[in-house]
Amino acid sequence: MISPEAYECVMKSIELAKTVGGPDGLNAVAELDTRIPVILKTEKRCEANATKQNEMAGPLCGIPILVKDNIDVKGIHTTAGSLALSDNIASEDAPIIKNLRRNGAVIIGKTNMTEFANFTTSGMPAGYSSRGGQVIHAANPELSPSGSSSGSGVAVAAGIVPMAVGTDTSFSVIVCARENGICGLKPPVGALHSEGIIPIARTLDSAGAMANNFTDALKLYSAMRDEVLPKVSAADIKSLKIAVNTANSDMNSDEYTDFLKRTVQMLKENGAEVSELQQPPIMEQIVIMTWEFREQLEDYLKTSNASRKTLREIVDCYEANPDTMMRYGDSLLRDALDNTPGGTNGEPYLKVMRERETTIVKVKDELKDFDAVIMTGPTNIMHFCGFPSVNIAGSERDKNGVRRGIILYGIDEMRLYRAALALEGFI
């Protein structure tokens with residue numbers, strides 16, 4: 001059952017989604033579930049006869065949630081932003097959505113995203129899709145909404161919903177959260193179910209949580225799990241052991257570099273133990289994405305309601321509709337179709353997967369003594385290895401009014417989350 005206060009919260013989010021988030025506003029929302037108001041009115045009518053036990057609906061009771069459009073929500077479209085999948089209406093909720101509903105969340109609809117989670121073509125703008133058009137940054141239309149979870153990030157930043165679900169293969173939740181001034185969480189790969197989600201590469205993919213603060217991001221992540229996340233409390237700053245990954249740190253703006261330097265200095269002054277290390281990006285990550293994509297996409301499609309069941313049919317659809325679907329091309333889709341003989345049995349793929357196992361052992365050894373690592377420049381090491389990562393947003397804002405954020409990663413998710421909670425209150 002839903003309380004009158006929760007009902008009003010959901011209705012407000014739906015109205016904001018229609019206006020602020022709609023195609024005439026920020027274009028963050030792809031589709032609303034039109035059944036929700038009727039369902040909630042029915043629940044409100046029943047509430048007077050409900051027992052206290054029946055009213056216990058979980059930690060997200062009555063909270064409106066938007067979900068990225070590559071995740072199945074029963075009764076509405078799952079397209080990954082592509083017109084090629086415009087007929088795919090989900091028959092069932094993805095397991096993570098079932099868990100959210102079990103914990104009381106109200107799934108009000110889907111968010112627009114970068115087409116096929118930014119695995120359509122090189123050079124596609126973040127937040128663009130042939131089905132949804134261009135997502136607009138909430139603070140400044142000249143800024144990129146960033147990451148393929150752009151609609152979810154913008155929906156939270158704009159106040160349409162307090163929490164949203166994204167997916168992350170390589171920064172589609174984490175950098176998207178940072179660039180939109182909110183918090184994001186990508187758990188260890190495998191911590192959440194992947195069924196019912198259109199993939200890029202299961203080795204790297206995970207659903208993730210987006211919210212205005214890290215406590216709410218943890219709450220949303222916990223509700224997506226089969227079992228509740230153990231209680232997480234902020235660590236004492238003095239107890240923290242933090243590594244600073246200086247790889248590619250010269251690629252930041254002067255303003256962001258200064259913010260990071262001040263944060264690290266404040267950590268040292270307040271008793272944290274801080275060390276530096278170098279963990280540069282792994283360029284071979286693209287091999288995993290390209291060689292897993294076709295096989296795993298087709299695994300999803302064969303049980304879906306989409307009429308197109310193969311990557312070849314999807315590529316043919318793009319190339320037969322250049323005016324509506326080829327604005328930026330289809331180079332990544334075409335590469336996965338034409339240049340991955342043997343798929344996940346192909347030697348180039350197997351070679352990178354062997355190297356990945358070696359890298360995981362090496363990085364775990366390097367990070368075993370640290371609670372968290374601060375990313376100061378572009379690296380994908382955490383995604384390549386499948387480790388958890390987060391973005392925390394502080395109180396300081398940039399010239400556009402966007403809260404500045406810090407990306408952290410680590411090998412132990414509970415240590416990482418305790419460090420993130422501590423730093424969130426600190427910056």
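**Aromatic contacts in a predicted model**

Phe116, Phe119 and Phe293 form one aromatic cluster. This is a predicted model, in which local features need pLDDT of at least 70, side-chain atom pairs count only at pLDDT 80 or more, and totals for chains, interfaces and linings use all residues. Residues are numbered from 1 along each chain as its sequence is written, and side-chain values use heavy atoms, with hydrogens and water left out.

**Aromatic pairs**

- Six aromatic pairs are found in a search of the whole structure; rings of Phe, Tyr and Trp (its six-membered ring) pair if their centres lie within 6.5 Å, and planes under 30 degrees apart count as stacked, over 60 as edge-to-face and the rest as tilted.
- One of them is the tilted pair of Phe119 and Phe293, with 4.9 Å centre to centre and 50° between the planes.
- This pair links distant parts of the chain, 174 residues apart: Phe119 lies in the loop between β3 (106-111) and β4 (128-129), and Phe293 in helix α9 (residues 285-302). Helices (H or I, at least four residues) and strands (E, at least two) are DSSP runs, numbered from the N terminus.
- Both Phe119 and Phe293 are buried, that is, under 20% relative accessible area, whereas exposed means over 50% and partly exposed lies in between (1.4 Å probe, protein chains only).
- Phe214 and Tyr417 also form a tilted pair, at 6.0 Å centre to centre and 55° between the planes.
- Phe214 in helix α7 (residues 214-224) and Tyr417 in helix α15 (residues 413-426) are 203 residues apart.
- Phe214 counts as buried because its relative accessible area is 0%, and Tyr417 is buried at 0% relative accessibility.

**Charge over a ring**

- The charged end of Arg178 sits over the ring of Tyr256, 5.3 Å from its centre; the criterion is NZ of Lys or CZ of Arg within 6 Å of the ring centre and within 35 degrees of the ring normal.
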